[in-house]
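Please look over the sequence and the model shown here before reading the notes. They are arranged by topic for a reader who is new to protein structure.

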Amino acid sequence: VLHVVKTRQVTYSVLNHLIDYIQNLEKVGLLEEKEMLHLHDAVQSDLKRLLRNPPLVKFPKISDLISAHPLLRELPPSVREPLELSTKEIMKLSGVTLYREGSKPSGIWLISNGVVKWTSKSIRNKHSLHPVFTHGSNLGLYEVLIGKPYMSDMVTDSVVLCFFIESDKILSILRSDPAVEDFLWQQSAIALSRILLPQIFEKLTMQDMRALIAERSKMTTCLRGEIIEIPYHCIGFLLEGFIKTHGLQEELITPPAALIPSQGNLSFRSAETSGVEAVSFSHQGSCYLVETRARVIIFDIAAFEADKAVVRRTSSLFSHSSDQPHKSLSREHGNLMSWPEHFYKARQQKQNSEETDRKANSLSARAMQLSIFGNM
């Protein structure tokens, strides 16, 4: 019965939006009045048919949806299975608040399908163009791990299927295995980075973010008196503990905080981080002094962008490969004397292409392992 109700709600919403869309087409002059009335009658007949006989849709099993979420999928079975049993499935309509800024963290939300939008009074997000989280996201994990109030409001921007896990369940598995603890802290950095530095991390998909964490990130725990260095091509995040700026003017930095290098070649963030000084929770500096035990995760943004560029170049080579043989063949027959030179260039291009393909295939294989999520 619940599946039928869900299907009816979704179908009814889609058909109502279709009516509004048809009316807008008539207003802007793309549809004549007769065409608009015809389409309107067709949609109305579908609405009546829906009310008389709701369609039957086969929904995937909830257990399959839960286990498919990236956060739970990467956990060892001994930890994942009891966690799945305590997970609550929740369907939220658009405009519903999952949690509010400043409230005590009661648990985390795993987004299976839909869009959630974030807003904050303390974190200025004027540089955020699309402050949303889509399927595969985990919300509230950082606040649960550090024990601080929620950093922002999370409001559904569509119909959302999500799963809720209470804080006690997360904290219990946190103490069970150091590897699980490190993994959860890494996963908490996904939402944190998109909130603190949307200029850089908002453009990345959730799959890119998971690839960045798995391949181009390093998380370290530092003790009092140690020095944390942020290379010029990297960006760090202080997850827990306290650090100070290293220099003449010492400033105490509390978590969460984005650590941005102040020197070196910053071409990889020239456009994205314009105005970053005005963003809350951001600090610029290459060295920081640890005041208390601190946990920091550092992203190698430049190397990750280079990896993505290799994949884009490879796909571009594949898309144009069908045109190349015909062009080179005509040139060779047009001037036989220049054929050895062309042959030498072709061999060089082939060697370069094989090297590029090797790198791209390794990256693609790793990306496929990280996230094939949402296909259900």
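The notes below take up a helix, a residue within that helix, a sheet and the cysteines.

This is a predicted model, in which local features need pLDDT of at least 70 and side-chain atom pairs count only at pLDDT 80 or more, while totals for chains, interfaces and linings use all residues. Residues are numbered from 1 along each chain as its sequence is written, and side-chain values use heavy atoms, with hydrogens and water left out.

**Helix H7**

- Helices (H or I, at least four residues) and strands (E, at least two) are DSSP runs numbered from the N terminus, and helix H7 covers residues 167-174.
- In H7, Ser167, Ile170, Ile173 and Leu174 are buried, where buried means under 20% relative accessible area, exposed over 50%, and partly exposed in between (1.4 Å probe, protein chains only).
- These residues lie on the same side of H7 because they cover an arc of only 135 degrees around the axis, the arc being that of the directions from the helix axis to the C-beta atoms.
- What covers the buried residues of H7 includes helix H5 (77-85), helix H6 (141-146) and helix H8 (178-196), together with strand E3 (107-113) and strand E8 (160-166).

**Ser167 within H7**

- Ser167 lies in helix H7 and has a relative accessible area of 10%, so Ser167 is buried.
- Leaving aside its neighbours within four places in sequence, Ser167 is in contact (heavy atoms within 4.5 Å) with Pro105, Ser106, Gly107 and Val144.
- The side chain of Ser167 reaches the backbone nitrogen of Gly107 at 3.0 Å.

**The five-stranded sheet**

- An open sheet of five strands has the order E9-E17-E11-E14-E15, with mixed pairing, where two strands pair if DSSP finds at least two bridges between them.
- Its edge strands, each pairing on one side only, are strand E9 (217-222) and strand E15 (282-284).
- Strand E11 (residues 235-240) pairs with strand E14 (residues 257-260) in the antiparallel sense over three bridges, and Phe237 stands opposite Ala258 in E14.

**Cysteines**

- A disulfide is a covalent bond between the sulfur atoms of two cysteines.
- A search of the whole structure finds zero disulfides, counting as a disulfide a pair of cysteine sulfur atoms within 2.5 Å.
- Cys162 is buried, because its relative accessible area is 0%, whereas Cys287 is partly exposed, with a relative accessible area of 27%.

Notes
A polar contact is a pair of N or O atoms within 3.5 Å; within protein, one must be able to donate a hydrogen and the other to accept it, and residues adjacent in sequence count only if both atoms are side-chain atoms.
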